[in-house]
Amino acid sequence: MSGQSEERKFKQVGSRPIRHDGLEKVTGRARFGADYTLPGAQEGVFVRSPYAHARILSIDTSRAEKVPGVRAVITAADFPDVPMGWIPAGSTGIDFGANQRTILAREKVLYHGHAFAAVAASTREIALAAGELIDVEWEVLTPVLSLEQALAPDAPILHEGQETMGDGDKPEGDSNISSQVLFEGGDIEAGFAESDLIVEGHFDTPMVHQGYIEPHACLANAREDGTSEIWSSTQGAFGVKGEVAMITGSDPNSIKVTPTEIGGGFGGKIPVYLEPAALVLSRKAGRPVKMTMSREEVFRGTGPTSGSRMWARIGARSDGTIVAAETRLEFEAGAFRGSPVGAACMTIFTPYVIPNFKILGLDVVLNKPRVAAYRAPGAPIGAFAAESLIDDLARKLGRDPIELRLQNAIEEGGVAKYGPSFGPIGFKQTLEAARNHPHYKAELGEHQGRGVAAGFWFNAGMQSSATVSVNDDGSAVVRTGNPDIGGSRASMALMCAEELGIDVTRVRPLVGDTDSVGYCDVTGGSRVTYATGMAVIEATRQVVDHLRARAATVWNVELDSVEWQDGNAVAINGAAEKGSMSLGEIAAKMRMTGGPVVASASVNPPAAGPAFGVHLCDVEVDPETGVTRVLRYTVAQDAGKAIHPTFVEGQYQGGAAQGIGWALNEEYLWDEEGRVENPGFLDYRVPVASDLPMIDTIIVEVPNPLHPYGVRGVGETPIVPPLGTVANAMRDATGVRFRSLPMSPPRVLDALDGASD
Amino acid sequence: MTGLGPVRPRVGREKNVAKIRVETTINGEETELLCAGQESLLDALRDGLGMTGTKEGCTTGDCGACSVVLDGRLVPSCLVLAAEANGRTVQTIEGLAEGSKLTAVQQQFLEHGALQCGICTPGFIVAAEKLLEKNPDPTEQEARYFLAGNLCRCTGYDKIIRAVLDAAAVMREERA
């Protein structure tokens with residue numbers, strides 16, 4: 001399937017059609033998670049822990065069960081005890097026991113707001129009131145609320161029996177360090193010894209939330225025969241099916257999951273929170289059960305991504321050649337192992353050729369919510385440290401920050417710090433595109449500054465399926481199992497239309513449930529346009545082969561005498577006198593030539609096309625108030641090939657905006673008992689329209705040879721550079737190096753005061 | 001015993017609680033509904049009337065996903081009691097398009113790809129219609145400040161603002 005990416009003249013791909021599901025979404029007709037209900041549906045709610053760390057000695061639900069209107073009360077005792085244990089999978093792994101205990105605590109509650117029971121009742125109000133009547137005997141334990149506390153030699157241990165897995169020097173016995181990652185290359189001591197200049201710093205970032213606007217929601221309907229249906233706002237219906245089966249001890253074949261429209265996820269709707277509880281409640285209640293989280297629950301009990309502490313140093317020769325880099329990354333995993341520190345280690349120095357390096361990452365559990373994937377998990381955090389230091393290096397050397405990056409940039413054939421060598425990549429081209437953009441030469445005024453930073457993300461391949469069928473009017477339907485979170489239906493239709501040679505409006509793209517489409521891994525990892533798109537192209541090519549065969553049958557010629565050109569079967573070679581037949585004409589004859597034309601394909605690409613991005617940011621920092629205003633922002637990124645450029649731009653802009661929020665304002669605030677003090681959008685301040693300027697985009701296209709059209713994933717990379725980009729702009733504007741996020745007004749004022757003392 | 005501080009529960013359609021009868025005009029249609037005293041207009045629309053185009057994002061008036069127009073004023077329907085709609089008019093996302101004809105704002109949202117996941121879209125469109133009714137020729141900054149009560153986590157607002165400004169231009173042209 002590869003090798004066709006170069007020089008292909010596209011007719012549909014690269015155009016900007018109105019998305020097929022757009023009408024439903026601008027008229028309010030699209031149905032999201034909370035929009036589904038069934039006759040007789042009960043409202044399910046979680047009951048959540050008032051403590052950040054406590055042992056559950058007993059739970060008595062009898063008072064709650066007697067409340068009129070209550071249909072079912074459940075605790076961990078209503079689930080089989082799935083033991084905790086790490087099952088490695090690729091670069092990460094899975095722990096079904098931990099997943100089960102995230103949904104409903106079993107032995108201990110591990111963060112404030114950790115669910116330990118659930119109630120289904122005729123109204124949400126009754127269910128919440130009944131939840132208050134659940135009697136729990138707690139043994140309150142000392143909470144571990146910071147990395148410092150978690151790593152202290154006498155720290156309370158969250159998980160008895162948890163020994164540190166992985167690489168490097170590890171602590172003896174039980175530890176809150178669940179695992180360590182170590183990447184080493186060259187000779188780190190010699191590398192720093194030959195450095196003329198070393199830049200170094202300690203950095204930290206707070207826990208932040210994905211901040212999707214739609215709270216988690218699902219509807220579960222357990223039927224009398226043991227089968228069940230679940231409607232879920234999820235990034236992956238097949239993932240929900242597998243997790244629900246494992247966690248509830250059900251036959252996976254008995255569960256059908258329908259993905260609803262999804263109101264944002266950014267990785268945070270990959271984990272399963274509600275569905276297993278809703279299903280068990282539904283079984284016990286004998287009614288459908290709907291569960292929706294409040295915004296407060298979303299902040300307390302889902303997401304976030306890790307807070308971190310980092311130390312890093314980079315050594316270079318006086319000509320700017322980087323020769324050594326070393327870092328130690330400590331990431332908060334929350335209640336259970338599984339922070340993205342591994343990915344941070346893999347990405348942190350990858351944009352640059354560095355012969356001597358040592359990268360150590362620690363995954364640390366503590367009494368905060370269990371982290372979930374968040375857009376390029378871990379990479380923005382690591383890049384904040386690395387790109388700040390590269391900026392320091394450029395300043396000390398008196399070099400242009402883009403030129404210094406170009407001098408050290410990794411290119412095709414370069415070896416990533418975690419092992420593999422790169423195929424064609426577009427990092428240098430992206431740096432050059434940013435340098436050549438008018439933004440880079442725009443004038444700056446007083447209190448203003450400009451920052452540059454780069455970022456890298458692997459992107460994912462994984463499993464996908466697609467089915468393409470031809471209607472008798474010559475239109476087509478393409479069906480996949482990936483929830484459309486940002487316009488992917490339109491991209492699937494564009495690729496199908498390209499192969500068929502018809503207009504994209506003649507292709508209807510559908511997202512199917514787990515019973516009606518082949519397996520698809522999650523909408524995540526920037527993988528849908530790449531991997532699912534590959535399945536769509538392959539299935540459509542099979543359809544084209546069928547259509548050619550039908551034409552050959554009608555004309556009574558050999559198959560290789562029929563070519564497919566722009567939506568027509570064209571007779572060639574000795575059969576040229578037969579002329580041509582359009583897709584519509586062939587489709588109208590399907591009944592007589594062999595019946596319906598349908599084809600399916602599946603893929604499981606082990607790798608994807610890595611994507612590099614370079615961001616430019618201009619800020620103005622008000623020295624009186626500490627408020628930072630973003631004046632200009634530009635994103636350059638290698639897309640490989642932009643299938644629907646509007647939605648590629650949208651990914652660039654959205655990732656940048658999330659990153660700007662992370663840099664400037666967003667953070668979880670905690671009280672001393674471990675309670676989140678800002679579980680709402682008023683106090684957890686995501687960027688609003690008046691906080692941002694227009695965000696300019698540059699789509700660089702260095703084709704990815706693994707995809708027939710050259711597609712790389714685009715969704716995640718855009719959030720990798722902004723933390724460093726904004727920090728570097730603020731360094732430029734104020735002369736102060738900010739190493740602690742967020743760079744919110746009080747912190748900026750403190751830093752400016754400190755600098756002027 | 002949850003210790004989670006104040007929670008604003010959604011009040012469901014409970015049978016044995018005294019209900020208030022509300023007569024209101026929704027999208028031009030006279031509508032009658034029964035609601036509990038503390039039920040929000042958002043819940044009455046979504047759960048009582050099945051009008052799920054108005055979205056819930058926070059129930060604290062911070063996200064704008066539930067924006068509706070009540071007697072000509074843009075409000076978050078999560079902070080309005082259903083009973084307050086008695087004798088008043090409510091406009092929701094469902095009432096904007098006339099038959100198959102979309103409004104200029106809806107059309108420009110489509111043309112610009114001003115939505116990714118789409119959950120904030122109904123609230124943004126309701127708010128943007130109100131903006132353009134009050135100010136047919138807003139500057140970029142005026143649009144950004146008027147829409148600052150509507151959160152979008154996907155787009156970075158760029159395409160939304162462009163769509164609104166272009167819709168304003170289309171509407172001015174239509175009026176001229």
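Two residues count as being in contact if their C-beta atoms, placed from the backbone, lie within 7 Å. With that in hand, here's a quick look at a predicted model, in which local features need pLDDT of at least 70 and side-chain atom pairs count only at pLDDT 80 or more, while totals for chains, interfaces and linings use all residues. Residues are numbered from 1 along each chain as its sequence is written, and chains are lettered from A and ligands numbered from 1 in the order in which they are written.

**Chain A fold**
- Among chain A contacts between residues at least 6 apart in sequence, 79% join residues at least 24 apart.
- Chain A's radius of gyration, taken over C-alpha atoms, is 27 Å, which agrees with the value near 27 Å for a compact globule of 757 residues; that rule is 2.2 Å times the number of residues to the power 0.38.
- The C-alpha trace of chain A spans about 90 × 75 × 45 Å along its principal axes.
- Of chain A's 757 residues, 60% are buried, meaning that 20 or more other C-beta atoms, placed from the backbone, lie within 10 Å of a residue's own.

**Where A meets B**
- Chain A puts 58 residues into the contact, and chain B puts in 52.

**Confidence**
- The complex gets an ipTM of 0.97 and a pTM of 0.97 from the predictor.
- Chain B has a mean pLDDT (the predictor's confidence in each residue, from 0 to 100) of 92, with 90% of its residues reaching 70 or more.
- Residues 1–9 of chain B stay under 50 in pLDDT, and the model has 19 contacts beyond four places in sequence for them.

Methods
A residue is buried if 20 or more other C-beta atoms lie within 10 Å of its own, exposed if 12 or fewer, and partly exposed in between; C-beta atoms are placed from the backbone.
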